[in-house]
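Thanks for coming, everyone. Let me put the model on the screen, and then I'll walk you through it.

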Amino acid sequence: MAGQSRKWMILVATIWIQAFTGTNFDFSAYSSEMKSVLGISQVQLNYLATASDLGKAVGWSSGLALQCLPLWAVMFMAAAMGLIGYGAQWLVIRNVITLPYFVVFLLCLLAGCSICWFNTVCFVLCIKNFPSIRPLALALTVSFNGVSAALYNLAVTSLNPSSSALYLLLNALVPLFTSIVALFPILNQPPIAIDPDVVKRDQLTFLKLNLLAVVTGLYLLFLHPSTSSMATSLFLGAIFLLILPLGVPGIIYARHWFNHTIYSSFTFDSILVDAQDLELHKELLNSATNVLISAASSNGIGADEGCSCIEKDQLVMLGEEHEARRLLRRFDFWLYYVAYLCGGTLGLVYSNNIGQIAQSLGHGLMNSKLITVYSSFSFFGRLLSAAPDFIQT
């Protein structure tokens, strides 16, 4: 039971990481000032926005880093990339230092790469700690990456709404602070154990967490601050909604303490059974079941005998590791690649130029609201990706 509470602690930490590391969504908030300070054209500014997104193209390097380094080290390397990339841009936009355009381009590239490294850390945590319901864990945590711009917008409005450079400073420091907070759960990951009864309870818990996520998205979408003090209150409310999922491991730990303290033993068929012995027996049975499943898989038992394999010429299991050569020969891989290239990137082009579009239409003061609205709907779009998984389960 203690392992169950630690598992949910990791999920909450992953939500925090995603919620504060989607830093590329607020590029349009400071792009106009960046263009003015560097004295560049709109085309050159678009190249900087492209560099921020292009940094994800080298995100595969995080997988190589995981082969040599522990997960927490990869997380702090991502935080260091963001600190350098966004921190140096903040110094440039504040006229503290002067850098050539090409160096700023490389800084945007480095900052974009840090986002992908954070995503890799979150994916590994979800897949490792929720192996049976990984799609639900991934959909929930990734969706919070979309609210980053709305959270940063509230923070900037509460601190200094007239300084768009403050976005860059927060982009550099907040992910590092979030990594420090998430370090303890990551270092205390529980052992992996698959129990059918626990999986069913986890599915219900994920449904509740998704409902809480919807409340968080609606809160950020419809409540817009008009003053600095109101922004502070709304920001604290948003932080409270992000902390609220901590109630899940708290409830699990409290239930475990209650069962072992109040009802330390119970009678079953006139036999007195100690609760700790019962938990030990359950763990031994689960371990034996996992050993039998592993042995059956190693003996080549097919799908009819209980293996999760799929038909010939299809990938063995969704979410498992596959060779790069095999992926490159797959039609569905290239279908996904082309769909993402021609579909998802269009949204990135629009989001990176919201500030310029609003300014050209004479609605520059509406920029922060437009960023919040775009961020919130990005969050809901990601969250809806979990609907097929809930229907299937």
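A definition to start: buried means under 20% relative accessible area, exposed means over 50%, and partly exposed is in between, with a 1.4 Å probe and protein chains only. This is a predicted model, where local features need pLDDT of at least 70, side-chain atom pairs count only at pLDDT 80 or more, and totals for chains, interfaces and linings use all residues. Residues are numbered from 1 along each chain as its sequence is written, and side-chain values use heavy atoms, with hydrogens and water left out.

Now the aromatics. Tyr30 has 2% relative accessibility, so it counts as buried. Phe27 sits at 3%, so Phe27 is buried as well. A pair of aromatic rings is described by the distance of the centres and the angle of the planes. For the cut-offs, we take rings of Phe, Tyr and Trp (its six-membered ring) and pair them if their centres lie within 6.5 Å; planes under 30 degrees apart are stacked, over 60 edge-to-face, and the rest tilted. How many aromatic pairs does the structure hold? Six. Phe27 and Tyr30 make an edge-to-face pair, with 5.5 Å centre to centre and 70° between the planes. Both belong to helix H2, residues 27–38, and they are separated by about one helical turn because they are three residues apart there. On helices in general: they are DSSP runs of H or I, at least four residues, while strands are runs of E, at least two, numbered from the N terminus.

Next, the cluster. Trp8, Phe130 and Phe206 form one aromatic cluster. Trp8 is in helix H1, residues 2–21. Is Trp8 buried or exposed? Its relative accessibility is 1%, so Trp8 is buried.

Leu83 is in helix H5. Leu83 has a relative accessible area of 33%, so it is partly exposed. Leu241 belongs to helix H11, residues 228–243. At 12% relative accessible area, Leu241 is buried. Leu241 and Ala213 are 28 residues apart along the chain, and their C-alpha atoms are separated by 8.4 Å. Val58 is in the loop between H3 and helix H4 (61–68). Val58 is partly exposed, at 36% relative accessibility. Between Val58 and Ser114 there are 9.9 Å, C-alpha to C-alpha, and 56 residues along the chain.

Helix geometry now. The expected span of a helix is 1.5 Å times one less than its number of residues. Helix H3, residues 42–54, has 13 residues, so it should span 18 Å; its end C-alpha atoms are 18 Å apart, which agrees. Which residues of H3 are buried? Leu45, Leu48, Ala49, Ala51, Ser52 and Asp53. Helix H9 covers residues 166–187. With 22 residues, H9 reaches 32 Å from first C-alpha to last, close to the 32 Å expected. Still, H9 bends by about 35° at Val181, and Pro185 follows within four residues. The bend at a residue is the angle between axes fitted to the seven residues ending there and the seven starting there.

One backbone item. Asn95 has a positive phi of about 60°, although it is not a glycine. Asn95 sits in the loop between helix H5 (71–93) and helix H6 (101–129). Its relative accessible area is 59%, so Asn95 is exposed.

Last, helix H10, residues 196–222, which includes Phe222. Phe222 is exposed, at 59% relative accessibility. That's all from me.
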